[in-house]
Amino acid sequence: MLRASLFLLMLGCISSHGLLYPHETETRQVKSLDGLWHFRLDEQGVGESERWFALPELPEPTIFMPVPASFNDITQNITIHRHIGWVWYARDVFVPKTAGLRWVLRFQAAHYESRVWVNGQSAVNHSGGHLPFEGDITSFIKDSNDLSSKVRIVVAVNNTLTPRTLPPGELHIYSPTYRELETPFDFFNYAGIDRSVLLYSTSTTYIQDITIDTQSIDYDAQHTATSATLTYSVTIAGSNSHNAVRVIIELLDAEGMVVANNTDSRSVLIVNKPNLWQPCGMNHTHPCTEHSYLYTLQVTLYNDASTKEILDIYRINHIGIRTIRLTDSKFLVNERPFYFHGANAHEDSDIRGKGFDNVILAKHFNLYGWLHGNAFRTSHYPYADEFYHMADRFGIAIIGEAPAVGLAKASYFSPETLAHHKQVITEMISRDRNHPSVLMWSLANEPASGLPEAKDYFSAVANFTRPLAAGRPITYVISAGHNSDLGIQFFDMICINRYFGWYSQFGRIDQIPDLVTQELAAWRQRFPTKPILMSEYGADTVPGLHSDPSMMFTEEYQKDYYLAYHPSFDNVSSLIHPTTGFFVGELPWNMFDFATDQSTIRVGGLNRKGLFTRQRQPKAAAFIIKHRYEQLEAVSTSHERIH
């Protein structure tokens, strides 16, 4: 049983500097650097030795490249589409000359290895995609008597994956014109500056990090919350951080009224009659088209001198009061059973690749409301921050997944990979720990967990993560068999991917019910104290292809495929059978068709398992899933506290 835990900031274990999202406040300016940047390939890898970062312009030939976006599909040039190696971006910006400010350059993500220069000087380096990195560039800004100072930013990004990166890959060079990156995962290795670039300011003494978590909630006999205890920690940094400064911590309700406050940098807040953050799509909660309840945490830092000058203000506007706890058969949110039902997805769309786009974001969540989906896994890497903010707002549960997909060989379970794995876990949890929507951490997808090397590797991953997990269960997603997996014993929940009737038993939908039933029973027998979730199941479907009787790749087959799985889920559902069930959720693969490498099994370079096309139009199976989730929403759960 996993107890809802008190999460305290452990300096040195989390990060040397926080990853607070750049919000504008009375004391902070945020300047977007999104737009068209100058761009060129570096096919010979000579840009750094030739000091392109110090030139007034990148050497020709250059083109305009949008940021954020993956660079691969922007042009008609196949060389750019399949480029492996370094690419360069550059642009000039003007920084306002405001005395006493600290300026920070932040990249929401770039894939994979990034090197950044400001005015010709090395500013920040980062390894890994999908997560933000930033650097204080104040010292690189030239002194000027003008109102603003011109700053040149140059970025080199390398998308080459190695056996030590996450995800891993292996570069094969067959000839000067034939290079191939072997990737043990089934999605296209899009690359570039694929999320926003921001320039933001703080005072020289500033709020560096904030953590907040719900420690406990008290209920009356009707299961109405009477009080909640929240723990928090605020970290101060900068030129005056060790001198006389004070903080005021205030929790504001949805109407802006202060409901709790404190003046200690690390303490608790007591909230009377709290409004709870609830996951959507359950009988006792709200529909997934409506909002869950969120508070705002406001932290004000001021000088303790007689002037009481305000130094910094930061607000987290997505504070949700809720607890998480596992029993041997249930996943409890606010001490009531929760059932995950939604769909996995990729950050993938036409032209943009993995580039972030608010239009795609809004469409994604509108379709989620239509589907009645209440959960998704960030397969197979942390998504853009904005997905988490939207999920917080609507009450959609997130399983936050690290980018450890494709650990398919014994050589990948190396000490170097483990060290990098710990780095990305630290960065992911540091960024996402304050989101109430994040209910669980998935630390890998489909590793070769039957290999002997996997046992010690995942024991180390679990032991490292558990103190950082901020009260959430930890898991990884399994493709290995129930008798061969060696790592999940160290984790809290069973998440399995199974494709009976697709990658095996081709076309035999009639075999699916017995195989699913046997699979779930076998895992339960081996791990009788861990709930089980079906984290992937699905079938490729070409929209508009039909057959009667149904055949593989047709819309009819995808419909029949899903219908064949569901009775086996229901037979052991913790929602439908609260006393005997142990199955806590289902996530089809995939929400949308998405890009892959070209191959004989991927027509048009697409994985077509989507319930929707890549253009976000529904296939016939989307209506099957929508109807099922409407029915699941109507299943009632007990009000009684579950021990």
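Modeller: Start with the largest pocket. Its lining has 24 residues, and R82, H83, I84, R179 and E180 lie nearest its centre. Keep in mind that this is a predicted model, where local features need pLDDT of at least 70, side-chain atom pairs need 80 or more, and totals for chains, interfaces and linings use all residues. Residues are numbered from 1 along each chain as its sequence is written, and side-chain values use heavy atoms, without hydrogens and water.

Biologist: What makes a set of points a pocket, and what makes a residue part of the lining?

Modeller: The search uses a 1 Å grid over the protein atoms alone and a 1.4 Å probe; where the probe fits but cannot get out, the set is a cavity. A pocket is an open set with protein on both sides within 12 Å along at least five of seven lines, and a lining residue has an atom within 4 Å of a point.

Biologist: How much space lies in the largest pocket?

Modeller: About 860 Å³. That volume is the space filled by probe spheres set on the grid points, which are joined across faces, edges and corners.

Biologist: Which elements give two or more residues to that lining?

Modeller: Helix 1 (78-81), strand 10 (170-175) and strand 11 (178-182). Strand 11 gives the most, five residues. Helices (H or I, at least four residues) and strands (E, at least two) are DSSP runs, numbered from the N terminus.

Biologist: How do the lining residues of the largest pocket divide by class?

Modeller: Seven are nonpolar, 11 polar and six charged. Ala, Val, Leu, Ile, Met, Phe, Trp, Tyr, Cys and Pro count as nonpolar, Asp, Glu, Lys and Arg as charged, and the others, Gly among them, as polar.

Biologist: And what lies nearest the centre of the second largest pocket?

Modeller: F185, D186, N445, E446 and E536, out of 21 lining residues. The space there is about 380 Å³. Its lining has nine nonpolar, seven polar and five charged residues.

Biologist: Which domains does that lining draw on?

Modeller: Domain 1 (29-201) and domain 3 (324-634) each give at least three residues. The division also has domain 2 (205-319). The bounds come from an automatic or database domain assignment. The C-alpha centres of domain 1 and domain 2 lie 35 Å apart.

Biologist: Why are R152 and D92 called a salt bridge?

Modeller: The rule asks for a side-chain nitrogen of Lys or Arg within 4 Å of a carboxyl oxygen of Asp or Glu. R152 and D92 meet at 3.0 Å, N to O, so the pair qualifies. R152 lies in strand 9 (residues 148-158) and D92 in strand 4 (residues 86-96), so the pair ties together parts 60 residues apart in sequence. By this rule the count comes to 30 salt bridges.

Biologist: How do you know that strand 5 and strand 12 pair?

Modeller: Two strands pair if DSSP finds at least two bridges between them. Seven bridges join strand 5 (residues 101-107) to strand 12 (residues 197-203), so they pair. They run antiparallel. F107 has V197 in strand 12 as its bridge partner.

Biologist: What about the open sheet of three strands?

Modeller: Its order is 13-14-17, again antiparallel. Strand 13 (205-219) and strand 17 (266-272) are the edges, each pairing on one side only. Seven bridges join strand 14 (residues 225-238) to strand 17. T229 stands opposite I270 in strand 17.
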